[in-house]
Amino acid sequence: MTLGFVAKDPNSADGESPTIWVDESTADLVIQGWKVDESTAAECRRAGSIPEHEAVGRGVAIRRARIVSEPVSDYIRYEYDVTFPNVVAGEQVRWLPRRRASDLALPGNDFWLFDDKLVRWGYFSGDGDSLGGELTEDEAAVQLCRGAFEAVWTRSVPHDDYRV
């Protein structure tokens with residue numbers, strides 16, 4: 001999967017612009033960045049089962065692991081709350097408390113690994129603002145991320161069992 005940048009909302013404050021990406025092989029849109037108010041989050045939790053996520057429906061396994069400091073921040077609590085629809089749609093999400101990652105060799109930046117061959121590095125400021133990203137197919141970077149992800153995945157707690 002190769003994601004191409006489409007646009008971001010120029011009217012959003014504080015660098016929290018919703019961003020739209022397109023999967024260049026399927027033309028699926030990926031939208032990230034909107035913050036959900038509590039009533040919308042509650043509605044998502046009440047909705048229960050929703051139609052299968054399109055990528056999952058095509059047989060794509062989507063796994064996400066998050067390493068988090070505890071106690072969690074308000075933002076991580078929000079991220080946890082809005083993860084429910086992704087899990088219902090078939091995404092596998094796990095959480096690893098940072099104290100349990102101390103002896104793991106991890107890349108220096110957040111990353112997404114696509115199809116075990118493409119890494120998208122995510123760069124962030126000290127305040128957590130996105131500074132963009134970079135794509136690489138460098139085999140050493142792919143192997144590093146693959147090994148790191150599997151190590152985190154093995155130790156992490158499934159979303160349904162993790163409590164914030």
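1. Two strands count as paired if DSSP finds at least two bridges between them. Helices (H or I, at least four residues) and strands (E, at least two) are DSSP runs, numbered from the N terminus. On these terms, Phe111 has Trp121 in β7 as its bridge partner. Asp110 is bridged to Gly122 of β7.

2. This is a predicted model: local features need pLDDT of at least 70, side-chain atom pairs count only at pLDDT 80 or more, and totals for chains, interfaces and linings use all residues. Residues are numbered from 1 along each chain as its sequence is written, and side-chain values use heavy atoms, with hydrogens and water left out.

3. Overall make-up. The chain has 5 helices and 9 strands. Their order along the sequence is β-β-β-α-α-β-α-α-β-β-β-β-α-β.

4. The β6-β7 hairpin. Strand β6 (residues 110-114) pairs with strand β7 (residues 118-124) in the antiparallel sense, over 5 bridges. The hairpin has 3 residues between the strands. Asp115 takes a positive phi there, near 55°.

5. The sheet. β6, β7 and β8 form an open sheet of 3 strands, in the order β6-β7-β8, with antiparallel pairing. β6 and β8 (130-136) are the edge strands, each pairing on one side only. From one strand to the next, the twist averages 20°. Helix α5 (residues 139-155) packs on this sheet and touches β6, β7 and β8. The direction of α5 makes about 75° with that of β7. Axes here are lines fitted to C-alpha atoms, for helices over the stretch in contact; angles run from 0 to 180 degrees between N-to-C directions. Contact means heavy atoms within 4.5 Å.

6. Helix α3. Which residues of α3 (residues 74-81) are buried? They are Ile76, Tyr78, Glu79 and Tyr80. Buried means under 20% relative accessible area, exposed over 50%, and partly exposed in between (1.4 Å probe, protein chains only). The cover over these buried residues includes β4 (63-68), α4 (84-88) and β5 (92-97).

7. Whole-chain totals. Of the 164 residues, 27% count as buried. Among contacts with a separation of 6 or more, 54% come from residues 24 or more positions apart. The accessible surface of the chain is about 10,400 Å², and carbon and sulfur atoms hold 50% of that surface. Areas come from the Shrake-Rupley method with a 1.4 Å probe; for residues, only the protein chains shown count as cover.
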